[in-house]
Amino acid sequence: SDHMENIYGYLMKYTNLVTGWQYRFFVLNNDAGLLEYFVNEQSRHLKPRGTLQLAGAVISPSDEDSHTFTVNAASGEQYKLRATDAKERQHWVSRLQICTQHHTEAIGKNNPPLKSRSFSLASQGSANSPGVQRRPSQNAVSFFSVGHHRLPTGKRVPIMQPDHLVDVREMMSQAEGQQRDLIRSIECLPASGHLTSLDQDLLMLKATSMATMNCLNDCFHILQLQHASQQKGSLPAGTTISWLEPKISLANHFKNGAAQNFPAEINKPASVREEQSIAEPCQLTREPEEINPDEELEDVCDDKEDDLGAVEEQRSVILHLLSQLKLGMDLTRVVLPTFILEKRSLLEMYADFMSHPDLFIAITNGSSPEERMIHFVEYYLTSFHEGRKGAIAKKPYNPIIGETFHCSWRIPKSDVATDAGTNSPSEQVTLPRDLEGQAEPDCYTVKFVAEQVSHHPPVSGFYAECVERKMCVNAHVWTKSKFLGMSIGVTMVGEGVLHLLEHGEEYTFSLPCAYARSILTVPWVELGGKVNINCAKTGYSASINFHTKPFYGGKLHRVTGEVKQNVTNTVVCRVQGEWNSVLEFTYSSGETKYVDLTKLSVTRKRVRPLEKQGPFESRRLWQHVTESLRDGDIDKATEHKRALEERQRNEERLRAETETPWCTKYFLKDGDGWVYHKPLWKTVSAAQTQQTDNN
């Protein structure tokens, strides 16, 4: 096909500080999966000056400007290249990414999955390994000579002396040097032949050796902390020492998406600035569709993700991917294999956070500002459990730009908890006539809409409202993912605002970070970070900490928090427990309440049938990928996924060529954030103004 054709042309290549940038003639050989370059076009018939294998490579547009990009090969070699303009860069990046994905997936198909084996270690430097058993003549491990250091045995020293730490540090340095030599030796192997750099055992050795060194560095740091504490006195009872990971404080996180805690975001990339500047003057040219709740049916889809399935079968592909990632690498532009995907879009995942709409509606029933803040915290902490589809960590589909998701919930009024005095709200709010009859007499209706408003950076907007209870929530989220060694961290950048129109109150909140742990074995999810909930009008706030599991000791999925009145600095409620199990709320009155999340009733969302959905609605858009994943046909799912991604690239390239800005359908740019085009607070305000004029 035309998108797999060989392309060639001049690009600038960065050589070194002395030589700087030089024009070179590049050729993309799609059949061989090679990127070659020559001094000039006339020397194309000669041997290339340089060649990169694209299988397993990562193609990354640079944040420096709109012309530069890098090609990071699995071997560790890197080309830093510069096109003449943004359009030409996009052309090269798209073709390179397609070629890279094609040849990377071919490796996974041609290499059989790892079989379960028992690993045995001899007492002194044995060369026994799976490679020995499989290829006695030439095995992977015996190809390298790795020295073994034996620590002297002796009586345990109660207090570690400084010189012992120096000895450990020297041995660590030697081990790090040997690990680097090992990686270089593996990467210098040929890409084809009897023993290659893509050998399964070598990929396992490469990934686990990197993880081992990271773990040893963490352990060494813990020894240093213990030594320092022993100089001052013993560690207090119950002290735990946490993993040394990037901890992101969300307290002063992002106000309407404005970067504060990420130095790399202070000066935004040119591509991001250009996209935002294009979006700002854009008005809604695509007519928003009014969804009729009567067309929506109770959802019968129940895709739990408790089975590893193809993840175990495709472990060689995971190992290969891990072997060429670097700590801290941004995974936003890395194409991940299809078999790790959930059977739903990220936009639908945001909707699943609303699976307890009765608790959501009960927020506005609080008879005082204190009760309403506590109700909101209760709802907030119960929303994450149902947002996960099972215990296995899988990744939802990355929404394509313009993708939308609609759903609603109907909740019997008798199921919503009420507080004394809530039948007479403090402020009378008038609804416009077209909204008055939307809810059924005996039910509340909560409507939800989400849209992918930006591709680079990936930003989603979502909005939910209950017209009858005069409350709505508007939020925008930018997902930033990073590789952390044997785990992946996802930062949810953005802000949400809950509007309680009966009380004239607004509650701002953010979302915690998420981590996928143990990605080489059975991946699982935990949440981490600190979030704040604030109501400026009432002066009440909440501080919630999601605790990641410590290095030793401690519990999984622990969460703590407190609600306080800012003026008096009085704590009115404390909460502790696990966000996916049992939560304990202790109030200032001394009363204690337990909430068992596993026993909370879940209200199924209502979704229109596929045949009534628009072409850009999530379930219809991804239906072929989802069906293939349900059938266990990973190759077919990958083909459908690639077709969607290629269509998005083609449309993006066409907009760039014609200088046509992308226009959203349901959300409008508002400063650094995104706001639903027809929020309830605007329609209510307009109705009140009209009533005043009529009077």
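I looked up the largest nonpolar core and found 61 residues, of which Phe360, Tyr380, Leu381, Phe448 and Phe546 touch the most other members. A nonpolar core is here a set of buried Ala, Val, Leu, Ile, Met, Phe, Trp, Tyr and Cys residues joined through side-chain atoms within 4.5 Å; buried means under 20% relative accessible area (1.4 Å probe, protein chains only). Helix H10 (residues 369-387) gives the most to this core, namely eight residues. I noted a second, separate core of 20 residues, which includes Leu54, Val71, Tyr79 and Cys99.

The model is predicted: local features need pLDDT of at least 70, side-chain atom pairs count only at pLDDT 80 or more, and totals for chains, interfaces and linings use all residues. Residues are numbered from 1 along each chain as its sequence is written, and side-chain values use heavy atoms, with hydrogens and water left out.

I then turned to the whole chain. I counted 15 helices and 26 strands, taken as DSSP runs numbered from the N terminus (helices H or I, at least four residues; strands E, at least two). Of the 695 residues, 50% are buried.

Strand E25 (residues 667-670) runs antiparallel to E26, joined by four bridges; pairing requires at least two DSSP bridges. Leu668 stands opposite Val675 of E26. Two residues lie between the strands, and Gly671 takes a positive phi near 65 degrees. In E26 (residues 673-676) both faces are covered, with Gly673 and Val675 buried on one side and Trp674 and Tyr676 on the other.
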